[in-house]
Amino acid sequence: MTAIALIAALLAATDPSAADPLTAEISALDTKVFDAYNRCDLPAFSGYFDSKVAFYHDNGGATFDRDAMVDGVRKYICGKVRRERITASFRV
């Protein structure tokens, strides 16, 4: 195998969207959710969750309502933190 072909094969192996259509779709949705989260676009962010979402926080406990979860993001997350995926750790 030539060096260029080997490098291309290694890059394809580390790109989660290159694996299969389901992985590509999940990767794209993951990107959209965290983009909305990071920009505090709460209408877009909330649209990714069922109205009866179950969200578990290690300190705050459980939330079983989308509006309450999104309100928590508004109060405690917006403008304070960012989430970024570590591509190498992304698995489906």
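In this predicted model, the torsion about the S-S bond of C40 and C78 is about -125 degrees, so the disulfide is left-handed. A disulfide is a covalent bond between the sulfur atoms of two cysteines. The distance from S to S in the bond between C40 and C78 is 2.1 Å. The search of the whole structure returned one disulfide. The bond links distant parts of the chain, since C40 and C78 are 38 residues apart. C40 lies in the loop between α2 and α3 (42–46), whereas C78 lies in the segment after α4.

Aromatic contacts were examined next. The count comes to four aromatic pairs. In one of them, the ring centres of Y37 and F45 lie 5.7 Å apart and the planes meet at 55 degrees, so the pair is tilted. An angle over 60 degrees would be needed for an edge-to-face pair. Both partners are buried: Y37 has 10% relative accessibility, and F45 has a relative accessible area of 5%. The pair formed by Y56 and F64 has ring centres 5.8 Å apart and planes at 85 degrees, so this arrangement is edge-to-face. Here both residues are exposed, with 58% relative accessibility for Y56 and a relative accessible area of 52% for F64. Y37 and F45 also belong to one aromatic cluster, together with F34 and F49. A ring is involved in a further contact, in which the charged end of R85 sits over the ring of F90, 4.3 Å from the ring centre.

Empty space in the model was also considered. Rolling a probe the size of a water molecule over the atoms shows where empty space is left. The largest pocket holds about 470 Å³ of space. Its lining consists of 19 residues, and those closest to the pocket centre are F55, H57, M69, V73 and I77. By residue class, the lining of this pocket comprises 12 nonpolar, five polar and two charged residues.

Note on methods:
Residues are numbered from 1 along each chain as its sequence is written. This is a predicted model: local features need pLDDT of at least 70, side-chain atom pairs count only at pLDDT 80 or more; totals for chains, interfaces and linings use all residues. Side-chain values use heavy atoms; hydrogens and water are left out. On a 1 Å grid over the protein atoms alone, a cavity is a set of points where a 1.4 Å probe fits but cannot get out, and a pocket is an open set with protein on both sides within 12 Å along at least five of seven lines; lining residues have an atom within 4 Å of a point. Grid points are joined across faces, edges and corners, and a volume is the space filled by probe spheres set on the points. Ala, Val, Leu, Ile, Met, Phe, Trp, Tyr, Cys and Pro count as nonpolar, Asp, Glu, Lys and Arg as charged, and the others, Gly among them, as polar. Rings of Phe, Tyr and Trp (its six-membered ring) pair if their centres lie within 6.5 Å; planes under 30 degrees apart count as stacked, over 60 as edge-to-face and the rest as tilted. Buried means under 20% relative accessible area, exposed over 50%, partly exposed in between (1.4 Å probe, protein chains only). A charge sits over a ring if NZ of Lys or CZ of Arg is within 6 Å of the ring centre and within 35 degrees of the ring normal. A disulfide is a pair of cysteine sulfur atoms within 2.5 Å. Helices (H or I, at least four residues) and strands (E, at least two) are DSSP runs, numbered from the N terminus.
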